[in-house]
Amino acid sequence: MSLLEVTNLTKNFGGLAAVSDVNLSLSQNELVGLIGPNGAGKTTLFNLLTGVYEASEGEIALEGKKINGMKPYKIADLGLSRTFQNIRLFKDLTVMDNVLIAMTSKEKESLFSSLLRTPTFYKKEEEMKQKVVDLLKIFHMEDKVDLLAKNLPYGDQRCLEIVRALATNPKVLFLDEPAAGMNPQETARLTKLIREIQEKFQITILLIEHDMSLVMEVTERIYVLEYGKIIAHGTPEEIKSNERVIEAYLGGEA
Ligand SMILES: Nc1ncnc2c1ncn2[C@@H]1O[C@H](COP(=O)(O)OP(=O)(O)OP(=O)(O)O)[C@@H](O)[C@H]1O
């Protein structure tokens, strides 16, 4: 059984089918790419998968259970987590607080419902903070824990978004153009890190990315969207040489 199964998913905005009859399947512990020209429907698909939009038709199932129709927080609790194309950090909070806020509601409840500052409360708080530091270490950002998010270099801000998503212990992580706006060095570093994260946490990652070299380098399979429809699916090698994709994605220039 696949971890996440998307069947005949459609989202209409008025007369426009932004996502049209999409079938997609993600297994446990794999890194899959989602590419396509501007306006192809990639972000809309992420918004459907995370409950931001309700599907017009079709089904999304996590571990065999239908999740469409559920609220975004509920879907997040079930293990689907995402980053956004535009950075959405709390700019005036520290790196530590940005990640603590993102932790699962279950963890938050046990922390904040404890009105008395019991030893258990402090222990839990310390555990959560340690977890944040451990996550930051992956990105070599542990020494920036007390900095305000707005004072981080751009590349670190994007990495902090990923740390926030990881702090929720996701089963599936959706990364929406994580390298957008990064310089080549930052992109190279991130490419390596995405692979490391996937292996370390044994999670499933679906990656939207415009940087083709990044997608080709890290993913095992790639889905290609055009005008809301999946027009191709295969290994990076297969996608690279797929005529339909070359035509759609590169506008026939290649
Ligand atoms: N809330 C909305 N209302 C109406 N139309 C929308 C809405 N969101 C997206 N669209 C339209 O749906 C289509 C798909 O948009 P979407 O942002 O999902 O594409 P994308 O593949 O993520 O593009 P990009 O690579 O530029 O981010 C576009 O034509 C867009 O204008």
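Predicted model: local features only at pLDDT ≥ 70, side-chain atom pairs only at ≥ 80, totals over all residues.

Biologist: What is the order of the strands in the open sheet?

Modeller: The six strands go E6-E7-E8-E3-E9-E10, and their pairing is mixed.

Biologist: Why are strand E6 (80-82) and strand E10 (229-234) called edge strands?

Modeller: Because each of the two pairs on one side only.

Biologist: What makes E9 and E10 a pair?

Modeller: A pair needs at least two bridges. Strand E9 (residues 221-226) and E10 have five, in the antiparallel sense, so they count as paired. Across that pairing, Ile222 stands opposite Gly234 in E10.

Biologist: How do you know that the span of helix H5 (residues 119-138) agrees with its 20 residues?

Modeller: At 1.5 Å a residue, H5 should span 28 Å, and its end C-alpha atoms are 29 Å apart, so the two agree.

Biologist: Which residues of H5 are buried?

Modeller: Val132, Leu135 and Leu136. They cover an arc of only 105 degrees around the axis, so they sit on the same side of H5. Their cover includes helix H3 (95-102) and helix H6 (154-166).

Biologist: And which residues are exposed on the other side of H5?

Modeller: Among them are Tyr122, Lys123, Glu126 and Glu127. To be called exposed, a residue must have 12 or fewer other C-beta atoms within 10 Å of its own.

Technical notes: Residues numbered from 1 in each chain as written. Helix = DSSP H or I, 4+ residues; strand = E, 2+ residues; numbered from the N terminus. Expected span 1.5 Å × (residues − 1). Buried ≥ 20, exposed ≤ 12 C-beta atoms within 10 Å, placed from the backbone. Arc of directions from axis to C-beta. Contact = placed C-beta atoms within 7 Å.
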